[in-house]
Amino acid sequence: MKQTFLVKHAVGGRMFIDSNKQDVPYTLVPEGNGWRFTVNLPWSAEIEELLAHKEELNVFVFKEYDDQPTLKTWYYVKDGPVEYDAAKSSLTIVADSRIEYYPHEYSV
């Protein structure tokens, strides 16, 4: 299985993080009524810009399988905290809702 991790600006569609273009170690754990992403990344202009739009983020995880359709999960951040810990080079994103879907079910 191939897994892709993306963080996008919900309004403008700008891509902040794309695991297809850079190695992005991350974890995803359920937390309360939401999900916590912890991403290990050095500080950069992209992280600074991401934090400037932290209330307008969408996170996606795509799971591509050889023998079944791709499963896409869309996490919406809304009011969840988004923080960067410089000492740990760690970005934390908490999403409060998600939608799982198979794109082929919505194709025309």
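**A guided look at a predicted fold**

Guide: This is a predicted model, and its residues average a pLDDT of 93, with 98% of them scoring at least 70.

Visitor: What makes β7 stand out from β9 in pLDDT?

Guide: Among the elements, strand β7, residues 82–85, has the highest mean pLDDT at 98. Strand β9, residues 97–101, has the lowest, yet its mean is still 94. pLDDT runs from 0 to 100.

Visitor: Why does the radius of gyration agree with a compact globule?

Guide: Because a compact globule of 108 residues would come out near 13 Å, and this protein has 14 Å, the two agree. As for its spans, the C-alpha trace covers about 45 × 30 × 25 Å along the principal axes.

Visitor: What makes a residue count as buried, and what percentage of them do?

Guide: The cut-off is under 20% relative accessible area. Of the 108 residues, 32% count as buried.

Visitor: How do you know what share of the contacts comes from residues 24 or more positions apart?

Guide: Take heavy atoms within 4.5 Å as a contact, and look at contacts with a separation of 6 or more: residues 24 or more positions apart account for 54% of them.

Visitor: And what about the positive and negative side chains, how far apart are their centres?

Guide: There are 11 positive and 17 negative side chains, and the centres of the two sets lie 1 Å apart.

Definitions and conventions: Residues are numbered from 1 along each chain as its sequence is written. This is a predicted model: local features need pLDDT of at least 70, side-chain atom pairs count only at pLDDT 80 or more; totals for chains, interfaces and linings use all residues. Side-chain values use heavy atoms; hydrogens and water are left out. pLDDT is the predictor's confidence in each residue, from 0 to 100. Helices (H or I, at least four residues) and strands (E, at least two) are DSSP runs, numbered from the N terminus. The radius of gyration is taken over C-alpha atoms; the globule rule is 2.2 Å times the number of residues to the power 0.38. Buried means under 20% relative accessible area, exposed over 50%, partly exposed in between (1.4 Å probe, protein chains only). Lys and Arg count as positive and Asp and Glu as negative; His and the chain ends are not counted. The place of a charge is taken as NZ of Lys, CZ of Arg, CG of Asp or CD of Glu.
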